[in-house]
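Here is a short report on one protein model. Please keep the sequence and the 3D view open while reading.

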Amino acid sequence: MGFFLSNEDEEAESSEVLTDADRVELVKAVLASDDEKSKRAICSLVQFREIAVLYEIMKSPSAKAAALAEGGIWEIWHSAHGEEIQKQIERGMRYLASGKASDALEVFQGLMHTYTDWAEPMYKAATVLYFCGKLDGCYRMNKKVVSIDPLHFGAWHGMAMSALQLGRAEEAKDAIEHALAIQPHSPCREDLLSFLETIAD
């Protein structure tokens with residue numbers, strides 16, 4: 001399983017749904033100064049797949065809470081089709097990390113063919129293309145990702161970085177603005193803002 005969910009968490013999950021009051025309390029807990037309390041609240045939001053709430057937390061003033069929410073969103077994306085498929089995503093990521101790009105691409109493309117409306121393996125394949133220097137292919141594939149999931153901040157970042165290196169200033173500007181609107185505490189924020197200034201000059 002991923003960073004936030006364990007098998008025990010999945011077994012503990014019931015058919016209950018969160019109420020609006022539950023969501024408010026969980027958001028307060030995420031924003032609390034108690035790290036363990038924050039992580040437990042994120043676990044609950046991930047367990048109930050409350051991705052809209054996590055997106056809102058990413059826009060909060062707290063960079064720490066935003067980072068936890070980002071991790072929760074990745075967890076939901078990766079686990080969309082269950083634990084066994086998530087393991088395949090993770091295997092592909094390990095291939096990429098160890099320099100086995102063709103093996104990684106094979107894993108992600110296989111998942112793309114099986115789950116045609118799932119943005120995540122497509123995004124991962126685009127990332128492989130980026131690291132292989134296939135920038136136009138990366139840009140086009142990430143564009144497909146955001147057509148499926150317009151809030152996929154990873155894909156907007158990928159489009160921005162590809163467009164910048166391809167010299168497509170307007171496309172880069174659009175992608176950067178989308179990325180930062182969704183993920184204002186992006187780890188790449190300063191670089192992206194710097195790129196925006198360069199484009200404006």
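The sections below go from the overall fold to single helices, rings and residues.

## Basis of the model

This is a predicted model, in which local features need pLDDT of at least 70 and side-chain atom pairs count only at pLDDT 80 or more, while totals for chains, interfaces and linings use all residues. Residues are numbered from 1 along each chain as its sequence is written, and side-chain values use heavy atoms, with hydrogens and water left out.

## Overall fold

The protein chain has 12 helices and zero strands. Helices (H or I, at least four residues) and strands (E, at least two) are DSSP runs, numbered from the N terminus. The C-alpha trace spans about 50 × 40 × 30 Å along its principal axes. For 201 residues, a compact globule would have a radius of gyration near 17 Å; the chain has 18 Å, which agrees. That radius is taken over C-alpha atoms, and the globule rule is 2.2 Å times the number of residues to the power 0.38.

Buried residues make up 42% of the 201 residues. Buried means under 20% relative accessible area, exposed over 50%, and partly exposed in between (1.4 Å probe, protein chains only). The accessible surface comes to about 10500 Å², and 53% of it belongs to carbon and sulfur atoms. These areas come from the Shrake-Rupley method with a 1.4 Å probe; for residues, only the protein chains shown count as cover. Contact means heavy atoms within 4.5 Å. Among contacts between residues at least 6 apart in sequence, 57% join residues at least 24 apart.

## The nonpolar core

The largest nonpolar core has 56 residues. Such a core is a set of buried Ala, Val, Leu, Ile, Met, Phe, Trp, Tyr and Cys residues joined through side-chain atoms within 4.5 Å. L45, L54, I57 and F153 have the most contacts inside the core. Leaving out residues up to four places away in sequence, L45 touches L18, L26, V30, E50, V53, L54, I57 and I76. In soluble globular proteins, nonpolar side chains tend to be buried together.

Helix α5 (residues 63-78) has 16 residues and reaches 22 Å from its first C-alpha to its last, close to the 22 Å expected. The expected span is 1.5 Å times one less than the number of residues. Of the 16 residues in α5, 12 are buried. Among them are L68, I73, W74, I76 and W77, along with E70 and E75. The cover over the buried residues of α5 includes α2 (20-31), α3, α4, α6 (83-97), α8 (119-131) and α10.

Helix α10 (residues 153-165) has 13 residues and reaches 19 Å, close to the 18 Å expected. In α10, 10 of the 13 residues are buried, so the helix is largely enclosed by the rest of the structure. The buried set includes F153, W156, H157 and M159. Just after α10, G167 takes a positive phi of about 75°.

N142 is in helix α9 (residues 135-148). N142 is buried, with a relative accessible area of 1%. Beyond its neighbours within four places in sequence, N142 is in contact with Y123, A126, A155, G158 and M159.

V146 is also found in α9. V146 is buried, at 10% relative accessible area. Leaving aside neighbours within four places, V146 is in contact with H152, A155, W156 and M159. The C-alpha atoms of V146 and S33 are separated by 34 Å.

## Aromatic pairs

The whole structure holds six aromatic pairs. Rings of Phe, Tyr and Trp (its six-membered ring) pair if their centres lie within 6.5 Å; planes under 30 degrees apart count as stacked, over 60 as edge-to-face and the rest as tilted. Y115 and W118 have ring centres 5.6 Å apart and planes at 85°, so the pair is edge-to-face. Y130 and F131 also pair edge-to-face, at 5.6 Å centre to centre and 85° between the planes.

W118 is buried, with a relative accessible area of 8%. Y130 is partly exposed at 23%, and F131 is exposed at 61%. Ring pairs link W74, W77, Y123 and F153 into a cluster.

## A loop residue with positive phi

R49 lies in the loop between α3 (35-47) and α4 (51-58). R49 has a positive phi of about 55° although it is not a glycine. At 37% relative accessibility, R49 counts as partly exposed.
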